[in-house]
Amino acid sequence: MVWVEVNDTGIGISPEDLPHVFDRFWRAERSRCRHSGGTGIGLAITRRLVELQGGQIEVESELGRGSTFRFSIPIVR
């Protein structure tokens, strides 16, 4: 497996929201305002693409400190 990790220093994701970040159309910011985020489809698409290749994706986050997203993809020989 090859692992890729992306870290940010953004606002973070609350523990109660973490289980939902890969759900389609789910957004932590529940207002309709697009200034604070997208449509909620990007991470769902990413999860599906990773899973279709036999990999896995995960996230860790802390409010006020940022998030770490990592995914794995099998190495094909």
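Is R65 buried or exposed in this structure? With a relative accessibility of 60%, R65 counts as exposed, where exposed denotes over 50% relative accessible area, buried under 20%, and partly exposed the range in between (1.4 Å probe, protein chains only). The model is predicted, so that local features require pLDDT of at least 70 and side-chain atom pairs are counted only at pLDDT 80 or more, whereas totals for chains, interfaces and linings use all residues. Residues are numbered from 1 along each chain as its sequence is written, and side-chain values use heavy atoms, with hydrogens and water left out.

The sheet is described here. Three strands, in the order β1-β3-β2, make up an open sheet with antiparallel pairing. From one strand to the next, the twist averages 15°. Strands (E, at least two residues) and helices (H or I, at least four) are DSSP runs numbered from the N terminus, and two strands are taken to pair if DSSP finds at least two bridges between them. In general, the strands of a sheet pair through backbone hydrogen bonds, either parallel or antiparallel.

Strand β3 (residues 66-73) is joined to β1 by six bridges, the two strands running antiparallel. Among the bridge partners in β3, S72 is that of W3 and T68 is that of N7. On the β2 side, seven bridges connect β2 to β3, again in antiparallel fashion, and F69 in β3 is the bridge partner of V59. The hairpin of β2 and β3 has three residues between the strands, and G64 adopts a positive phi near 80° there. Strand β3 is mostly covered, with six of its eight residues buried.

Four salt bridges are found in a search of the whole structure, a salt bridge being a side-chain nitrogen of Lys or Arg within 4 Å of a carboxyl oxygen of Asp or Glu. Side chains of opposite charge can pair when their charged atoms come close. One of these salt bridges is formed by the side chains of E58 and R70, at 3.1 Å from N to O. This pair links distant parts of the chain, with E58 in strand β2 and R70 in strand β3, 12 residues apart. E58 is partly exposed, with a relative accessible area of 29%, whereas R70 is buried, at 15%. R70 also forms a salt bridge with E60, in which the closest N and O atoms are 3.3 Å apart. Here too distant parts of the chain are linked, E60 in strand β2 and R70 in strand β3 being 10 residues apart. E60 counts as partly exposed at 47% relative accessibility.

A further salt bridge brings together the side chains of E62 and R65 (3.9 Å, N to O). E62 is partly exposed, at 46% relative accessibility. Through salt bridges that share partners, E5, E58, E60 and R70 are joined into one network.

I45, L49 and L52 form a nonpolar patch on the surface, with about 300 Å² of accessible area together. Patches consist of residues with over 30% relative accessible area and no salt bridge, like charges being joined within 9 Å and nonpolar side chains (Val, Leu, Ile, Met, Phe, Trp, Tyr) within 5 Å. Accessible areas come from the Shrake-Rupley method with a 1.4 Å probe, and for residues only the protein chains shown count as cover. L52 lies in helix α1 and counts as exposed, at 57% relative accessibility.

I75 is located in the segment after β3 and counts as exposed, with a relative accessibility of 53%. I75 and M1 are 74 residues apart in sequence, yet 5.3 Å apart in space, C-alpha to C-alpha. When residues up to four places away in sequence are not counted, I75 touches M1 and V2, contact meaning heavy atoms within 4.5 Å.

Methods: Axes are lines fitted to C-alpha atoms, for helices over the stretch in contact, and angles run from 0 to 180 degrees between N-to-C directions.
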